[in-house]
Amino acid sequence: MPPDAADRAAEPGGPPPRRPLAATLGGLLSVAARAFDADAAALYLVDAAEGDLVLSAGHDVPPAALGHRLAVGEGLVGRVAAEARSLVSDEVALDPRTLHQRPDWDAPPPVRTFLGLPLRAGVPVLGVIELTRRRATAFTPEARGQASILADAAALLIEQTRLAEQAPL
């Protein structure tokens, strides 16, 4: 069994093992990308100190993109956070709300479709999940509804993980 504390079995009668938030987010995005046939998935979290969004985890997102920042209300992702509701763009290149600040979106083949989902565990929004495809296949209304359920569960998981990280051992 690996020595990582997150993977160790809990002591009988003791608290369950803690999984680091980064590992939790990476696994979540991998599942989301597969479940919704996305070519990439990214998760932006609100930086409470700065008030903007920070790309905190990704699946099939270049490592250099991690740490990318967007203002709330800026671009598709920022709009999802500002309006606290999901957003679909079936043709990103023609969508005036699109803001290409991440080079990986324009790399061949470019991102064609977008689904953004707010992470809500109450008010305010904790962040945004971004699902993208590099082909002209729209996200269906059914996928949007199912992905919204996943985003709500993810928000609760993030909040629970943050609270556990703050609690004394």
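**Labels and the values behind them**

Mentor: Start with threonine 132, which sits in strand E6. Keep in mind that this is a predicted model.

Trainee: Why is threonine 132 called buried?
Mentor: Buried means under 20% relative accessible area. Threonine 132 has a relative accessible area of 4%, so threonine 132 is buried.

Trainee: What does threonine 132 touch?
Mentor: Leave out residues up to four places away in sequence. Then threonine 132 touches Ala38, Asp39, Ala40, Trp105, Val111, Thr113, Phe114 and Phe139. Contact here means heavy atoms within 4.5 Å.

Trainee: Which residue stands opposite threonine 132?
Mentor: Phenylalanine 114 does.

Trainee: What makes E5 and E6 a pair?
Mentor: Two strands pair if there are at least two bridges between them. Strand E5 covers residues 113-120, and strand E6 covers residues 125-133. They are joined over 8 bridges, in the antiparallel sense. That meets the cut-off of at least two, so they pair.

Trainee: What lies between these two strands?
Mentor: E5 and E6 form a hairpin with 4 residues between the strands. Glycine 122 in this hairpin takes a positive phi near 110 degrees.

Trainee: How do you know that E5 is mostly covered?
Mentor: Count its buried residues. In E5, 7 of the 8 residues are buried. Buried means under 20% relative accessible area.

Trainee: How many bridges join E4 to E5?
Mentor: There are 3, and the strands run antiparallel. At least two bridges are needed, so E4 and E5 pair. Valine 88 stands opposite leucine 115 in E5.

Trainee: How do you know that E1 and E2 pair?
Mentor: E1 and E2 run antiparallel and are joined by 7 bridges. The cut-off is at least two, so they pair. Alanine 41 has histidine 59 in E2 as its bridge partner. These two strands also form a hairpin, with 4 residues between them. In that turn, glycine 51 has a positive phi of about 80 degrees.

Trainee: What about E2 and E3?
Mentor: E2 and E3 are antiparallel too, with 3 bridges. Aspartate 52 stands opposite alanine 71 in E3.

Trainee: In which order do the strands stand in the sheet?
Mentor: The order is E3-E2-E1-E6-E5-E4. This is an open sheet of 6 strands with antiparallel pairing.

Trainee: Why are E3 and E4 said to stand at the edges?
Mentor: Strand E3 (69-71) and strand E4 (87-89) each have a single partner strand, so one side of each is left without a neighbour in the sheet. On average, neighbouring strands of the sheet are turned by 25 degrees against each other, direction ignored.

Trainee: Which strands does helix H2 lie across?
Mentor: Helix H2, residues 75-83, lies across E1, E2, E3, E4, E5 and E6. H2 runs at about 30 degrees to E5. Helix H4, residues 141-166, packs on the sheet as well. H4 touches E1, E4, E5 and E6, and its direction makes about 40 degrees with that of E5.

Trainee: What is arginine 79 in contact with?
Mentor: Set aside neighbours within four places in sequence. The contacts are then Gly73, Glu74, Leu87 and Arg97. Arginine 79 and arginine 97 are 18 residues apart in sequence, and their C-alpha atoms are 8.2 Å apart in space.

Trainee: What makes a space a cavity?
Mentor: A 1.4 Å probe fits inside but cannot get out. The structure holds 1 cavity of 30 Å³ or more. About 130 Å³ of space lies in the largest cavity.

Trainee: Which residues line the largest cavity?
Mentor: The lining has 14 residues, and Tyr44, Leu70, Val77, Leu99 and Trp105 lie nearest the centre. By kind, the lining divides into 6 nonpolar, 5 polar and 3 charged residues. H2 gives the largest share, 3 residues.

Technical notes:
Residues are numbered from 1 along each chain as its sequence is written. This is a predicted model: local features need pLDDT of at least 70, side-chain atom pairs count only at pLDDT 80 or more; totals for chains, interfaces and linings use all residues. Side-chain values use heavy atoms; hydrogens and water are left out. Axes are lines fitted to C-alpha atoms, for helices over the stretch in contact, and angles run from 0 to 180 degrees between N-to-C directions. On a 1 Å grid over the protein atoms alone, a cavity is a set of points where a 1.4 Å probe fits but cannot get out, and a pocket is an open set with protein on both sides within 12 Å along at least five of seven lines; lining residues have an atom within 4 Å of a point. Grid points are joined across faces, edges and corners, and a volume is the space filled by probe spheres set on the points. Ala, Val, Leu, Ile, Met, Phe, Trp, Tyr, Cys and Pro count as nonpolar, Asp, Glu, Lys and Arg as charged, and the others, Gly among them, as polar. Buried means under 20% relative accessible area, exposed over 50%, partly exposed in between (1.4 Å probe, protein chains only).
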